[in-house]
Each structure stands twice: as structure tokens, then as C-alpha cells.
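Trainee: I am new to this one. Could you walk me through how to read it?

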Amino acid sequence: MSEVHGQGENAENRADAFEDAFIERFAELIRLRRDVRRFRPDPVPEAILAEALQLAHLAPSVGFSQPWRFVLVEDEAKRAGAAESFRRANAAALAATAPEDRALYARLKLEGMREAPVQLAVFCDEETQTGRKLGARTMPETRSFSTVCAIHTLWLALRARGVGLGWVSILEPEEICRICEAPPGWRFIAWLCIGWPEEARAEVPELERLGWERRLPLQKLCRRV
Ligand SMILES: Cc1cc2nc3c(=O)[nH]c(=O)nc-3n(C[C@H](O)[C@H](O)[C@H](O)COP(=O)(O)O)c2cc1C
């Protein structure tokens, strides 16, 4: 797993690979992605958002179902309603947090819903006929997995342009569906805050820097059977 060059490497196998310089920059993009929670108010050019959404739309999806649905939330009252939903859900989460962790939890900034110039709600169309259910009959949740693939692609595409994305999940799904006028069959997946980050990107996630959690050693998460 750790050896990239060596066994298995020959001219034929390498023919389809991207060049080393690109691979290094791609790894850097992944290392510096970060969840962003503090934003400058400057608008994000429409062209950057459109390009990133076009790339997200190239994500893999079960049976090529393309179940992602993007809702740009521009209405101030709707944005305020979603921020209220966060406030309620976060208060409940704080109350449910172990007493010894509560003070640290309360200090964490877990959204940028008031500052980010772009607020994008992402849904999964659970009833889509696109792909005619191929691959999703025994595991319908693969449609949601596909939607998450699109979100990750969007995250990287925006980061490549210097734009930050923060994923907010501390929300009431039914309330977000109501606010976004989601049709029946759409499942709420993510609320994304998008904008120019206030801080330079770090290699270490904020939750690690603030002592909430650490990156696990990869070996602990892999095994052979
Ligand atoms: C499914 C999902 C939900 C998340 N929800 C939140 C959230 O509600 N609030 C928040 O601050 N971060 C949220 N995050 C971001 C994670 O906290 C973050 O990815 C993790 O701490 C690692 O940091 P990094 O993204 O900077 O590498 C979420 C991330 C994912 C993938």
C-alpha cells in the first residue's frame, strides 16, 4: 500500500497516469482542503461556482442515477430560517454532549451560515428514475453515497480556486426540506457554506487543532482478510 513505484510499475501501466507534478499538486489539494467556517463577505464569481458545480456533476453515481439536487438559497428569510434551525439543533447537541466535553463543544464554531455569501443546500432524489434503479435495489442508500461523492468533488473544485466550503449537518432535516421547498422524495444531505476563507488554509483540521479529535493512524483502519 505504501510503495508507489516498484513492483507493478512498467511503461504500459504508467501510460495512462497523470504526470508526477500533477499528482503532487493533487495530493496537496486534498491535504489542504479543510472545512471552512469563517468567510469574507466578498462575492464568489458566478463562473467559479458554475465551474465547480459542472465538475461535481461529473461525480460517480449508482447506476448513473445522478441523484444530486442543488438548491442555491438566496432568500434572506430562508437563510435566517436555516440558521435558526442550526441554533436549535446545536443547542440540543450541546445538551447531549458529555459533561466533560461541553465547555470545549460550546467554544467550537460549527457553521458559517451568517457570513458565507453562497449557501447551497444539497438533496438526494430518492425517487429518481434516472439509471432505472441499477445498483440501488439492495442498497438504496447508494443514491445518498453518490450525492456525497458530488459534494466532495465540489469541495475540491472550489478549493482549487481558493474558495472555501463548510459542511453543516447540525440541522433539522424536515425543516430544511420545508425551507427549500424540496419536492417529496428528496432527502436532505448537506447545507454548504461557500465563500472566500478568512484564514490561510492549514494542514491540520480545526477540530484537531482545538483538541476535539485527532487523525487516526491509517493502519488501525485497514486490515486484510
Ligand atoms: C458529513 C459531514 C458533516 C459535517 N458537518 C459539520 C458541521 O455540522 N459543522 C462543522 O463545523 N463541520 C462539519 N463537518 C466538517 C468536519 O467537521 C470536518 O470535515 C472534520 O473536522 C475534518 O476537518 P477537515 O474537513 O478540515 O479535514 C462535516 C463534515 C462531513 C463530511
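Mentor: Let's start with the ligand shell: its residues divide into 6 nonpolar, 1 polar and 4 charged. Here Ala, Val, Leu, Ile, Met, Phe, Trp, Tyr, Cys and Pro count as nonpolar, Asp, Glu, Lys and Arg as charged, and the others, Gly among them, as polar. This is a predicted model, where local features need pLDDT of at least 70 and side-chain atom pairs count only at pLDDT 80 or more, while totals for chains, interfaces and linings use all residues. Residues are numbered from 1 along each chain as its sequence is written.

Trainee: Which residues surround the ligand?

Mentor: A residue is near a molecule if its C-beta atom, placed from the backbone, lies within 6 Å of it. Around the ligand we find R34, D35, R37, L110, E111, W167, V168, S169, I170, P205 and L207.

Trainee: In what order do the strands of the sheet run?

Mentor: Strands are DSSP runs (E, at least two residues), as helices are (H or I, at least four), numbered from the N terminus. Two strands pair if DSSP finds at least two bridges between them. In this open sheet of 4 strands the order is 1-2-4-3, with antiparallel pairing. Strand 1 (68–72) and strand 3 (164–168) are the edges, each pairing on one side only.

Trainee: Which residues of helix 3 are buried?

Mentor: Buried means 20 or more other C-beta atoms within 10 Å of a residue's own, exposed 12 or fewer, and partly exposed in between, with C-beta atoms placed from the backbone. In helix 3 (residues 46–56), L49, A52 and A56 are buried. On the other side of helix 3, E46, A47, A50 and Q54 are exposed.
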